[in-house]
Amino acid sequence: MNRWQMLGFLLANLCGMTIVLVAVQFYTDVIPLFTKSDSFIKPGQVVITKHVGTARTLSGAAPVFQQQEIDELRRQPFVKNVGTFTPSHYGVYATIGSDDLGMEFSTDMFLEAIPDAFIDVDLSRWKYQSGSTVVPIILPRNYLNLYNFGFAASKGMPTISEDLIKLIKIRLMLYGSQGNRQVNGRVVAFSKRLNTILVPQTFMDEMNRSLSPDTVMPPSRLVVQLGTITDDRFVEYLNDHNYETEADDADAARTVSFVRIIAVIVMVIGLIISVLAFYLLLLSIFLLLQKHTEKIDNLLVLGYSPNEVARPYHWLAIGLNSVVLVASIVLASCSRQYYLPLFGDLYPKYEVSDFGPTILVGIILFILVAILNFTAIRRKILLIWNLQKDKKK
């Protein structure tokens, strides 16, 4: 076999295989940037609301979800579970800080709750015992940022860290049609995705029953657990029903869909190059077999089996493809060193994905090519063998 033919096959197949593996690994590495959840809501879950437009405002219609809408959403094939945000049916007045800290301010606020199955914090810290005067709270992180970089900076007040605010008691005065109740809030986590103040579902249900049992408020927000946040059907459903997601989850899904399309296009290009390279190798081997048809025929006459005659050609194809597989895996691994630092800059908590899927894809392609080579070479040898038997007849 001509060395330049082998070199041409190696370079072409190496190019195609490397493109495929780099596309697979890049897609694997980039997906966590869009699907990574924050510290309080589980991955694969999104919060949806109804769009508040001018027509809804003028008509006075509240942006709430009716039970039939929740049931319809729950029946969708891409939805695993649906939970509702339970609002407080009572008033809430909060006092944060104390004279000892040199700061104290009070404000009206609100509370909401979602089922514990949708919470991704240590549930041992997210428990409320009936009748207790202490309730765990999850605060929005941007509330703390507004205080530190807005209110505190303009008033000359001290800034507060997340660790410090977890030590500060938040006094909550709850008042409804059936009386008042005072409890102390204890911050256990922060959320950067939701502009709400979360308390345990058990606490919310107890306070709603005891303080405002006659008030009924449909949920205005839903938390939805999806099979995958990048499902295109989810985005289509949101558009068809005029729903919105918080924290730009829908935009992330659209971006991932775009990345998926680009990755598929790149992989198809790589596969086309690999197929052409495979065809080049097969053509070269067939030319080599055709050139040595008489010698192969003589070997078969001497008693060599078709498998023994085909073995050197099999080893030639397997050896060349093995070199391509190893080299393409090395090149794909080296390419990650250029873009992974950029991902770390975009997302400081970024965790590097496993390289295993890329190696698996490379091995699968190697096995497929090996099977095709084995089958094609064996058929060619058997064709010569059958011709030799026909001559004997």
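Me: Which side chain makes a polar contact with the side chain of Glu 112?

Reply: Good place to start! Please keep in mind that this is a predicted model. The partner is Thr 196, whose side chain makes a polar contact with that of Glu 112 at 2.4 Å. Glu 112 itself is found in strand 6, residues 112-113.

Me: Is Glu 112 buried or exposed?

Reply: Residues under 20% relative accessible area are called buried. Glu 112 counts as buried because its relative accessibility is 5%.

Me: How do I read a pocket, and what is the volume of the largest pocket here?

Reply: Here is the general idea: rolling a probe the size of a water molecule over the atoms shows where empty space is left. In this model, the largest pocket has a volume of about 390 Å³. Its lining is made of 17 residues, and those nearest the centre are Ile 96, Phe 105, Thr 107, Tyr 143 and Tyr 147.

Me: Which element supplies the largest share of that lining?

Reply: That is strand 5, with five residues of the lining. Strand 5 (103-109), strand 7 (134-140) and helix 4 (141-155) each give at least two residues. By class, the lining has 15 nonpolar residues, one polar and one charged.

Me: What does a phi angle tell me, and what is phi near in Asn 242?

Reply: Most residues other than glycine have a negative phi. In Asn 242, phi is near 60 degrees, a positive value in a residue that is not glycine. You will find Asn 242 in the loop between helix 7 (232-241) and strand 11 (243-245). Asn 242 counts as partly exposed because its relative accessibility is 44%.

Me: How far apart in space are Asn 184 and Ser 132?

Reply: Sequence and space are two separate things to read. Asn 184 and Ser 132 are 52 residues apart in sequence, and their C-alpha atoms are 9.4 Å apart. Asn 184 lies in strand 9, residues 179-191. Beyond residues up to four places away in sequence, Asn 184 touches Thr 133, Val 134, Val 135, Lys 169, Ile 170 and Arg 171.

Ile 359 is partly exposed, with a relative accessible area of 32%.

Me: How many helices and strands are there in the chain, and what share of its residues is buried?

Reply: The chain has 11 helices and 11 strands. Of its 393 residues, 42% count as buried. Among contacts between residues at least 6 apart in sequence, 80% join residues at least 24 apart. The accessible surface comes to about 21,200 Å², and 61% of that belongs to carbon and sulfur atoms.

Conventions
Residues numbered from 1 in each chain as written. Predicted model: local features only at pLDDT ≥ 70, side-chain atom pairs only at ≥ 80, totals over all residues. Heavy atoms only, no water. 1 Å grid on protein atoms, 1.4 Å probe; cavity = no way out; pocket = protein on both sides within 12 Å on 5 of 7 lines; lining within 4 Å. Points joined across faces, edges and corners; volume = space filled by probe spheres on them. Helix = DSSP H or I, 4+ residues; strand = E, 2+ residues; numbered from the N terminus. Nonpolar A, V, L, I, M, F, W, Y, C, P; charged D, E, K, R; others polar. Buried < 20%, exposed > 50% of the residue type's maximum accessible area, 1.4 Å probe, protein only. Contact = heavy atoms within 4.5 Å. Areas by Shrake-Rupley, 256 points an atom, 1.4 Å probe, with all protein chains shown as cover. Polar contact = N/O pair within 3.5 Å; in protein donor to acceptor, adjacent residues only side chain to side chain.
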